[in-house]
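Please have the sequence and the model open while reading.

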Amino acid sequence: MSVKGFAMLGVGKVGIIEKESLEIVHPVRAKLECGELDALVRPIAVAPCTSDLHTCYECGIGERTDMFLGHEAVGEVIRVGKLVKDFKPGDKVIVPAITPDWGSENAQRGYAQHSGGSLSGWKFSNFKDGVFASEFHVNEADANLAHLPDDVDPVEATMLCDMVTTGFHCAENANIEHGDRVAVLGLGPVGLMACAGANLHGASEIYAIDCVDFRFDVAKKHYGATHAINFTKAPFWEQILEATKGIGVDRILIAGGDVNTIGQATKCLINGGIISNVNYLGTGEMLTIPRLDWGCGMAHKTIKGGLTPGGRYRMEKLARLLQTKKLDVKPLVTHRLEGSFEEVAKSLDMMKNKPANFIKPGVKINW
């Protein structure tokens, strides 16, 4: 039986292809079967990610050939291995972007997302075929699938797979305390969810940094932002220092920028503050951190970077936030499409070209 999907054909090339079977694309090629602990899933809703653009057009993870893209999906279980206990064919499931090997040493150390090496819990469209396919493989199904509640819209639930969990992880890594002043750099969907996470953690002031008025409006109306900082008008750290009368902020959450951004953030971070980065730095060789702004290395200005955790437990907790209306992700999905993989191709093109009033597309898959 062939598998059809939307794939990276090579650097800068994408298209819809069919394969005779699912494959592990890198580092070895092999038939990928449904193991005793695993599941095969058919997507019912998917969303593209900026990481797909990095992969295809910036060669962010190196050359890939005929690899199905995508790591954000809600689906229906097709088949499960004989040792899977909590899922069965027909179940509707949320599939996290990060699907660790839970028996690994890194998982036992508390860093399951790095099982197999740095970032290796990110398997889909990294070193195995992704979710933009008529079926895809999920390892360790009981640990890496989450039940989709009946009252949660599948397209909205795709936001949990990466955007919500990554933005919240950015806030979690910052150890935000009640009343903290927090800056959030980059108001794409991850940055907006970092705002939401900071707000839920009790930030008193949230300085939203971007250059698009529409995103400022969404951040303020829906996700707790109190100040809009347009970095095209003056350096963001200067504006923050001015707004805080020279004090700076307690925490800085970074969801965009380049290799210079973290160093720039040290300029408006208080002594004892934390910078938390979830921005994937796909280009550049070195980070630049100004020596004096970092207090010559002795100012207790902490810099953290982290890949979001995966797993069923986390996904089902986040889904409860949607059920109880503590979190509304409708404003993230500014463009909804419905159809097959042609619509997935259109959604990735939207990510690349960013039409007006755009944050994130979602695609409902019709079978």
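A polar contact is a pair of N or O atoms within 3.5 Å; within protein, one atom must be able to donate a hydrogen and the other to accept it, and residues adjacent in sequence count only if both atoms are side-chain atoms. The model is predicted, so local features need pLDDT of at least 70 and side-chain atom pairs count only at pLDDT 80 or more, while totals for chains, interfaces and linings use all residues. Residues are numbered from 1 along each chain as its sequence is written, and side-chain values use heavy atoms, with hydrogens and water left out. Helices (H or I, at least four residues) and strands (E, at least two) are DSSP runs, numbered from the N terminus.

**Helix α4**
- Asp153 caps the N-terminal end of α4, with a side-chain oxygen 3.2 Å from the backbone nitrogen of Val155.
- Of the 20 residues of α4, 18 are buried (under 20% relative accessible area, 1.4 Å probe, protein chains only).
- Asn175, which follows α4, has a positive phi, near 50 degrees.

**The sheet**
- Three strands form an open sheet in the order β2-β1-β6, with antiparallel pairing (strands pair if DSSP finds at least two bridges between them).
- β2 (13-19) and β6 (67-68) are at the edges, each with a single partner strand, so one side of each has no neighbour in the sheet.
- Seven bridges join β1 (residues 3-10) and β2 in the antiparallel sense.
- Gly10 has Lys13 of β2 as its bridge partner.

Key
Buried < 20%, exposed > 50% of the residue type's maximum accessible area, 1.4 Å probe, protein only.
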